[in-house]
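Please open the model in your viewer and keep the sequence beside it. The tour below goes from the whole chain to single side chains, naming at each stop what to select and what is there.

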Amino acid sequence: MDTRLLFRFAKMAELGSVTRAAEALGMTQPVLSRDLAVLEHEIGAKLFVRQARGVALTDAGQIFHERTSSLLRSFEDLKEAVVS
């Protein structure tokens, strides 16, 4: 699994919007939407449900977010340890 997809997923979950997440990540909304589709295919579950104003995590998305949050913190700690 590509860690970039995990970081992008986390940004969408944090901001509750594919468009705002794409802007924050410096990419286009269609590319980020495609990345989400790839991740959902890899996971085998729908992670977000689209709403009138953005997106919300599904039950599976909530579980995935909880588990990936600690994993992403570990990646950041690892990068800091190597650079220090």
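Helices (H or I, at least four residues) and strands (E, at least two) are DSSP runs, numbered from the N terminus. Coloured in this way, the protein shows four helices and two strands, and along the sequence they follow the pattern α-α-α-β-β-α. This is a predicted model, in which local features need pLDDT of at least 70 and side-chain atom pairs count only at pLDDT 80 or more, while totals for chains, interfaces and linings use all residues. Residues are numbered from 1 along each chain as its sequence is written, and side-chain values use heavy atoms, with hydrogens and water left out.

**The whole chain**

Begin with the C-alpha atoms, which fill a box of roughly 45 × 25 × 20 Å when taken along the principal axes. Of the 84 residues, 31% count as buried, where buried means under 20% relative accessible area, exposed over 50%, and partly exposed in between, with a 1.4 Å probe and protein chains only.

**The hairpin**

Next select residues 48-51, which are strand S1, and follow the four bridges that join S1 to the antiparallel strand S2; two strands pair if DSSP finds at least two bridges between them. S1 and S2 form a hairpin with two residues between them, and Arg50 has Val55 in S2 as its bridge partner.

Leaving aside neighbours within four places in sequence, Ser33 is in contact (heavy atoms within 4.5 Å) with Val18 and Arg50. Ser33 counts as buried because its relative accessible area is 18%.

**Helix H4**

Now select residues 59-83, the 25 residues of helix H4, which reaches 36 Å from its first C-alpha to its last, close to the 36 Å expected at 1.5 Å a residue; the expected span is 1.5 Å times one less than the number of residues. Within this selection, show the buried residues Gly61, Phe64, Thr68 and Leu72, which pack against helix H1 (3-15), helix H3 (29-43) and strand S2 (54-57). Thr68 is buried, with a relative accessible area of 4%, and, leaving aside neighbours within four places in sequence, Thr68 is in contact with Leu6 and Phe9.

**The aromatic cluster**

Which residues form one aromatic cluster? Select Phe9, Phe48 and Phe64, which together make it up. Rings of Phe, Tyr and Trp (its six-membered ring) pair if their centres lie within 6.5 Å, with planes under 30 degrees apart counted as stacked, over 60 as edge-to-face and the rest as tilted. The structure holds two such aromatic pairs. Phe9 and Phe48 form a tilted pair, 5.4 Å centre to centre and with 50 degrees between the planes, and this pair links helix H1 with strand S1 across 39 residues. Phe9 counts as buried at 0% relative accessibility, and Phe48 is buried as well, with a relative accessible area of 5%. The rings of Phe9 and Phe64 have their centres 5.0 Å apart and their planes at 75 degrees, so this pair is edge-to-face. Here Phe9 in helix H1 is linked to Phe64 in helix H4, 55 residues apart.
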